[in-house]
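Hello,

Here is the structure we talked about handing over. Please have a look, then read on for what was found in it.

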Amino acid sequence: MYDVIVIGGGHAGNEAAISSAKLNQKTLLVTGNLNMVSFMPCNPSIGGPAKGTLVREIDALGGTMGKIADKTTLQMKMLNKSKGPAVRALRAQSDKLEYPKEMLKQLQATEHLTLKEAYVSALLIEDNRVVGVKLETGETYLSKTVIITTGTFMNAKVMVGDHSRLEGPDNQKASIGLSDYLRSVGHDTFRLKTGTPPRIKRDSIDFSKMELSPGDGFVHRFSFESEHLRVLEKEWPCYLIHTQPKTHEIILSNLNKSAMYGGQVVDGVGPRYCPSIEDKLVRFSDKSRHQLFIEPESQYLDEVYLQGFSTSMPFDVQEEMVHSLPGLEKAEIVKYAYAIEYDAIDARSLWPSLESKKVDGLFFAGQVNGTSGYEEAAAQGLMAGINASLKNKGEPPFILRRDEAYIGVLIDDLVTKGTKEPYRMLTSRAEFRLLLRHDNADLRLTEHGYHIGLISDKRYQRFLKKKDRIAQTINMLKEKYITPSKEVRDFFEKEGLMGIKGKMSLFDLLRRQDVHFSHIETLIGEKLALDDEEKEQVDINSKYEGYIKKAVNEAKKLQREYGIKIPKDIDYQHVHNLALEARDKLEKIRPLTISQASRISGVNPSDIQMLLIHLKKYET
């Protein structure tokens with residue numbers, strides 16, 4: 001008898017299994033191939049806009065992805081560094097062979113966690129509550145809770161040209177039967193599609209025809225625990241190229257051979273923000289070229305990833321397409337591209353805890369919920385693992401608000417709005433992105449991680465000291481003043497800084513865009529005992545103080561206005577004057593707060609007012 005069974009060893013499943021086991025839950029992870037745990041069948045990278053912040057949040061809560069990414073990086077860079085802190089994001093090129101190896105080591109070293117290679121064909125359900133799983137072999141395992149993290153494997157179909165086969169990513173066996181069973185217990189499923197580009201033999205490429213795209217030369221990390229950091233003597237390079245007129249001609253003349261645009265029946269909807277190259281040409285016909293990146297896959301492989309060139313064209317057409325690109329005229333394709341279609345569930349059938357509304361004790365996380373990307377999957381897996389554990393302990397679920405974390409935005413969007421295409425986390429989806437920055441993820445979430453039980457006492461004490469150093473430094477800068485003395489005027493002139501007219505605190509001085517922390521240290525005549533991340537916190541707090549305060553006040557106002565809870569058992573048929581569409585949507589999604597109800601498509605402000613009136617009567 002287990003406390004938690006996790007189905008699937010992808011990025012979601014591993015976070016779920018490790019977190020539940022660390023919370024002293026006897027956990028079983030069932031996956032088809034242990035050598036493929038957290039494998040990267042698509043781009044071999046972690047992070048990017050908004051996604052990088054998700055990884056930092058996972059680590060701040062006590063998750064695993066950031067630590068493994070730091071251990072296996074080939075190149076790291078901070079994106080949007082010249083822009084404001086709200087949109088900065090870390091992205092790493094990971095070693096696709098080392099990443100799963102390191103994750104497997106972590107899984108094997110985790111107490112209370114058992115690993116099993118197998119496929120689940122059905123759930124064991126009694127009185128509308130999950131009690132275990134049944135394997136394809138007929139074996140059964142009992143459990144208090146089950147987490148489904150099947151990724152892109154449920155009824156997966158790989159497509160190239162007019163050929164298709166039932167198969168998961170990278171020639172892995174598809175999961176057959178489980179989605180049929182989910183439909184039988186009330187979960188709606190729908191088809192989604194994604195794909196990968198061809199992999200190219202490195203030695204067959206002429207890199208002299210490409211633009212170098214290196215790392216930024218700084219030592220970055222996802223994890224707030226630096227002992228996991230791998231410092232490279234030399235980062236692996238990436239390269240930039242663009243499609244050519246000949247490329248477009250080949251693709252458009254063979255469009256009828258593509259699985260998506262040819263005769264093959266494609267039911268799945270592809271990702272809006274990472275479309276196939278043929279989809280790009282059709283949807284963005286006004287563009288004369290599209291950028292592509294040549295990215296390393298592993299230090300142990302003589303192959304690279306052609307980012308931005310996903311396709312489902314036949315092999316012979318792929319050859320022509322690749323050879324039309326600069327530097328790839330004589331390229332040798334090691335692995336051909338393919339599209340993959342799979343079953344996902346309607347995430348609106350889940351509570352914000354990621355537990356099913358249909359079956360008690362059943363949780364879902366990752367691409368099975370309609371998301372795209374490793375980072376979105378891992379974030380959901382962590383939350384599902386935490387909430388399954390809390391449920392077993394009889395404790396309330398852990399739910400992050402939209403103003404607390406991108407994880408909160410991600411899950412709220414899924415369970416409230418649902419998705420009809422692979423959902424990708426974007427900075428534009430967050431109303432309070434200035435609060436949800438890459439740099440302050442630990443300050444936002446480590447307290448939560450500690451109280452849940454995923455952050456060690458040692459790490460928590462280190463975190464408290466960091467918070468204290470930042471607060472003390474800010475107070476000191478607010479209390480120390482400078483005047484336009486000759487010494488100060490000479491320093492400003494030497495540094496090319498605009499002068500000051502009167503007495504000014506060092507904190508107010510640091511607000512200026514032309515003033516850096518090094519200037520402050522020179523003025524006070526000492527190096528402050530802060531690391532670079534702590535200095536960044538002080539700098540951002542000074543330069544954006546007004547904007548941050550405004551965002552915090554807006555978030556608190558919304559909490560007051562929309563934080564009213566809605567009982568799970570409310571009968572919407574008894575709420576007077578609700579529009580028919582609003583009644584249907586509220587009945588289906590069953591939001592837990594007025595805030596969540598207000599974000600449901602088809603629920604208008606007038607419906608919210610009627611609901612508020614009813615809740616006042618409900619309380620009496």
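How many bridges join strand E12 (residues 189-196) to E19, and do the two run parallel or antiparallel? There are 8 bridges, and E12 and E19 run antiparallel.

Before the rest, some ground rules. This is a predicted model, where local features need pLDDT of at least 70, side-chain atom pairs count only at pLDDT 80 or more, and totals for chains, interfaces and linings use all residues. Residues are numbered from 1 along each chain as its sequence is written, and side-chain values use heavy atoms, with hydrogens and water left out.

**Strand E19**

Strands (E, at least two residues) and helices (H or I, at least four) are DSSP runs, numbered from the N terminus. Two strands pair if DSSP finds at least two bridges between them.

Buried means under 20% relative accessible area, exposed over 50%, partly exposed in between (1.4 Å probe, protein chains only). In a regular strand, side chains alternate between the two faces of the sheet. Both faces of E19 are covered. Tyr-338, Ile-340, Tyr-342 and Ala-344 lie on one side. Ala-339, Glu-341, Asp-343 and Ile-345 lie on the other.

**Ser-223**

Ser-223 sits in the loop between strand E14 (211-213) and strand E15 (238-242). Its relative accessibility is 0%, so Ser-223 counts as buried. Leaving out residues up to four places away in sequence, Ser-223 touches Arg-56, Asp-59, Gly-66, Lys-67, Asp-70 and His-228. Contact here means heavy atoms within 4.5 Å. The side chains of Ser-223 and Asp-59 also make a polar contact at 2.9 Å. That term means a pair of N or O atoms within 3.5 Å; within protein, one must be able to donate a hydrogen and the other to accept it, and residues adjacent in sequence count only if both atoms are side-chain atoms.

His-576 lies 353 residues from Ser-223 along the chain. Their C-alpha atoms are separated by 51 Å.

Best wishes
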